[in-house]
Structure formats: C-alpha cells, structure tokens
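Colleague: Could you take me through the sheet in this model, and the helices that go with it? Please keep it brisk; I am new to this.

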Amino acid sequence: MPRPRHLLASPFPSALLLPALLLLAACTAAPAPTTAAPAVAAAAPAAVPYGDALHWARSSAEHEAVYLQTYRLAAERLRLRVEGLQPFTWAVSVDADETLLDNSLFEVEQHRAGTSYDEGAFSAWVRRGQAAALPGARDFLETVRGLGGKVAVVTNRSQAVCPETEANIRALRLPVDVVLCKPLEGPSDKAPRWQAIEQGRASKYLPPLDIVMWLGDNIQDFPTGSQAWRNAPPEQFGRFGDAWFLFPNPVYGSWQRNPQQ
Ligand SMILES: [Mg+2]
C-alpha cells in the first residue's frame, strides 16, 4: 500500500552542503520586508482512508448499478403481483436507511472523527436532513403509486427523529404515504408495524392494506427474517426476487454480530 506523501523521505541538504548554502543565502538575501509576510496556512491533516465497504458504497459503479437493477426488477415484478387488485387496497413496505436513504456521508464523517456509531450522533445527522435518495428509489415509488398502491416506510429510526425523517423524505420528493418508526417502548421487530398496516391502524388516513412487497437492506426487513437463515437451504430464500427485494449493505447490519466463518 502506498504511504502518504508526508511520510516519504524528502530531499535534504547534507551536513557538508548546509554551511555553503547558508553563506550563499546570506549573500543573496533580499532586504527584510517592512510589513509582516502573510502567515503560511497550516497543512490540513491527511485524510485517513476508510475501509473497502464504505469505499464501495460511496464510489463504485457497482453500487449505482445494483440499486437501479433491484428497483427496476422490483417494479417489473410488482406489475405482475398487483394485476387484478383494486387500487388503494395494497401497499409496499420499504425500509429507510440504505434502502431509500443514503447515509454514507454520515459514515464518512464518523470515520474522519475517529468515532464509532452511536444513536445520538446518528440522530444529529438525521436532524440535518442531508441523507440523499438512493438510485432508482423515486422511480420505484412513483411506479407503486401509479399502479394504485400505497407506500409505507417501516424503519428502525427512533420516534424522536421521525418528523425529521419525514421532512427529509419530503424534501427528496419521494412519494410516501406513511412513515412508521421504531416505537418508543416497543421492539425493533417490524412485524407489529406490518400488522398495523394490514389492520388499518398505521395511519388514520389509510384503510387496511395488503402488503404485497417488501424491500430492505437487512434480512430483518422481511417477515420472520433472521441471520439464522444464513445456513438455511435455498428454499428459505424463495420469496427473494418475487415479493422480497434485498439491497447489499457491506457497511453495517445485523450480519455484523454473526461469528466469522
Ligand atoms: Mg436499512
């Protein structure tokens, strides 16, 4: 790995040359200026490179492609799944972070500050409203709406920052009907919120809705989804690419608690 330039050896006069250079400098020195020279700006500290996972998420063509690909395939599949369904009787469940919203700038800032994730820092980031929309997200949500569906964002962001999350989503012009954050006292398990959508308790503006599709970047964004599935047979994953669509997240997730194999 190349070393940073400031760590490389630089040309330097040898001990023998130094007296001669000093004498030459004294002979050719310009008169002292009558005004103070401007201070030389201190060199900015060299940026510490972040890891490959965040590098991939921030800077790769593959990241762009896989989001566009997944959202396009989900839209195609959705058209088939909702054929014959009455408008406004069904919904799609979409996770927020790293599904609709790109928080990679927060990750970069955490890295540069030398700190690891904590909820307070993340809440401060959410309040800034600077999360960007991920590629393909808006087109997909507009397709859902165009087909007569409702969009429910089901996220484990805390209730404390739910209004700011809604504001960020609105500012990005993402068409969304309801945002369900993690209950203050409740579990992070999303199943009760999916049940509320299906029973018409998610919002006073929404009737009971059949959820026909789930999208997320964490296995737990899907009903009964669990890291225990990592050793399951392919049949366990039969709904992926049909009603379930997963985005890769090598930066963080419930997978981090799994033992390495
Ligand atoms: Mg997520």
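Modeller: Two strands pair if DSSP finds at least two bridges between them. Keep in mind that this is a predicted model. Now take strand S1 (residues 90–94) and strand S4 (residues 150–158). They pair in the parallel sense over 4 bridges. Look along that pair: serine 93 stands opposite alanine 152 in S4. In general, strands of a sheet pair through backbone hydrogen bonds, either parallel or antiparallel.

Next, the whole sheet. It is open and has 5 strands, with parallel pairing. Read across, the order is S5-S4-S1-S6-S7. Strand S5 (178–182) and strand S7 (244–246) stand at the edges. Each has a single partner strand, so one side of each is left without a neighbour in the sheet. From one strand to the next, the twist averages 20°.

Helix H7 (residues 162–171) lies across S4 and S5. H7 runs at about 145° to S5.

The axes of helix H2 (residues 52–59) and helix H4 (residues 104–113) come within 10 Å and cross at roughly 140°. H2 and H4 are therefore oblique to each other. The crossing is left-handed. From H2, Leu54, Ala57 and Arg58 make the contact; from H4, Ser104, Glu107 and Val108 do. By type, these residues are 3 nonpolar, 1 polar and 2 charged.

Key. Residues are numbered from 1 along each chain as its sequence is written. This is a predicted model: local features need pLDDT of at least 70, side-chain atom pairs count only at pLDDT 80 or more; totals for chains, interfaces and linings use all residues. Axes are lines fitted to C-alpha atoms, for helices over the stretch in contact, and angles run from 0 to 180 degrees between N-to-C directions. Helices (H or I, at least four residues) and strands (E, at least two) are DSSP runs, numbered from the N terminus. Angles under 35 degrees count as roughly parallel, over 145 as roughly antiparallel, 65 to 115 as roughly perpendicular and the rest as oblique. A crossing is left-handed if the near helix is turned anticlockwise from the far one by less than a right angle, and right-handed if clockwise. Two residues are in contact if their C-beta atoms, placed from the backbone, lie within 7 Å. Ala, Val, Leu, Ile, Met, Phe, Trp, Tyr, Cys and Pro count as nonpolar, Asp, Glu, Lys and Arg as charged, and the others, Gly among them, as polar.
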